[in-house]
Amino acid sequence: MSDTVLLYTSPGCPDCAAVRRYLEEHHVAYEERDVTTPSVAAEAKSRYGVRVAPITVIAGEALWGTFAHQKPRLDELLAKI
């Protein structure tokens with residue numbers, strides 16, 4: 001399993017910024033992809049069924065929605081990596 005988290009974001013998205021800040025505060029390496037790029041949006045849709053931001057992928061599990069919605073599961077998943 002890779003320790004790198006995949007984060008799909010869009011510019012100006014406050015929840016994207018909150019997830020990014022949370023990962024940085026917890027010293028979690030992440031790769032960021034911008035869903036405003038058509039090919040990245042298509043990739044997100046084909047892999048995870050959505051093209052909203054933020055999408056956080058940890059150990060193959062994709063989370064989306066607001067940071068507040070993602071946070072409980074983020075805590076659980078990050079404890080495992």
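Arg-73 is partly exposed, with a relative accessible area of 25%. Here buried means under 20% relative accessible area, exposed over 50%, and partly exposed in between, using a 1.4 Å probe and protein chains only. The model is predicted: local features need pLDDT of at least 70, side-chain atom pairs count only at pLDDT 80 or more, and totals for chains, interfaces and linings use all residues. Residues are numbered from 1 along each chain as its sequence is written, and side-chain values use heavy atoms, with hydrogens and water left out. Helices (H or I, at least four residues) and strands (E, at least two) are DSSP runs, numbered from the N terminus.

**Arg-73 and its helix**

- Arg-73 and Glu-76 both sit in helix α3 (residues 67-78). They are three residues apart, about one turn of the helix.
- Their side chains meet in a salt bridge, 2.4 Å from N to O. The term covers a side-chain nitrogen of Lys or Arg within 4 Å of a carboxyl oxygen of Asp or Glu.
- Glu-76 has 43% relative accessibility, so this residue counts as partly exposed.

**Other salt bridges**

- Side chains of opposite charge can pair when their charged atoms come close.
- A search of the whole structure finds seven salt bridges.
- Arg-33 and Glu-31 form one of them, at 2.9 Å from N to O. Glu-31 is partly exposed, with a relative accessible area of 38%.
- Glu-43 and Arg-47 form another, at 3.6 Å from N to O. These two are four residues apart in helix α2, so about one helical turn separates them.

- Leu-63 belongs to strand β4 (residues 61-64).
- Its relative accessible area is 9%, so Leu-63 is buried.
- Contact means heavy atoms within 4.5 Å. Leaving aside residues up to four places away in sequence, Leu-63 touches Pro-54, Ile-55, Thr-56, Gln-70, Arg-73, Leu-74 and Leu-77.
- Leu-63 and Arg-73 are ten residues apart along the chain. Their C-alpha atoms are separated by 8.0 Å.

**Aromatic pairs**

- The structure holds two aromatic pairs. Rings of Phe, Tyr and Trp (its six-membered ring) pair if their centres lie within 6.5 Å; planes under 30 degrees apart count as stacked, over 60 as edge-to-face and the rest as tilted.
- Tyr-8 and Tyr-48 form an edge-to-face pair. The centres are 5.9 Å apart, with 65° between the planes.
- This pair links distant parts of the chain, 40 residues apart. Tyr-8 is in strand β1 (residues 5-9), and Tyr-48 is in helix α2 (residues 38-48).
- Tyr-8 is buried, with a relative accessible area of 0%.
- Tyr-48 has 18% relative accessibility, so Tyr-48 also counts as buried.

**Disulfide**

- A disulfide is a pair of cysteine sulfur atoms within 2.5 Å. By this rule the count comes to one.
- Cys-13 and Cys-16 form the disulfide, with their sulfur atoms 2.5 Å apart.
- The torsion about the S-S bond is about 80°, so the Cys-13 and Cys-16 disulfide is right-handed.
- Cys-13 counts as buried at 13% relative accessibility. Cys-16 is buried too, with a relative accessible area of 0%.

**Backbone features**

- A cis peptide bond joins Ala-53 and Pro-54. Its omega is about 0°.
- Pro-54 is found in the loop between α2 and β3 (55-58). Pro-54 is also among the residues that Leu-63 touches.
- His-27 has a phi near 55°, a positive value in a residue other than glycine. The residue lies in the loop between α1 (14-25) and β2 (30-34).
- His-27 is exposed, with a relative accessible area of 74%.
- Ala-59 has a phi near 50°, again a positive value in a residue other than glycine. Ala-59 is placed in the loop between β3 and β4.
- At 48% relative accessibility, Ala-59 counts as partly exposed.
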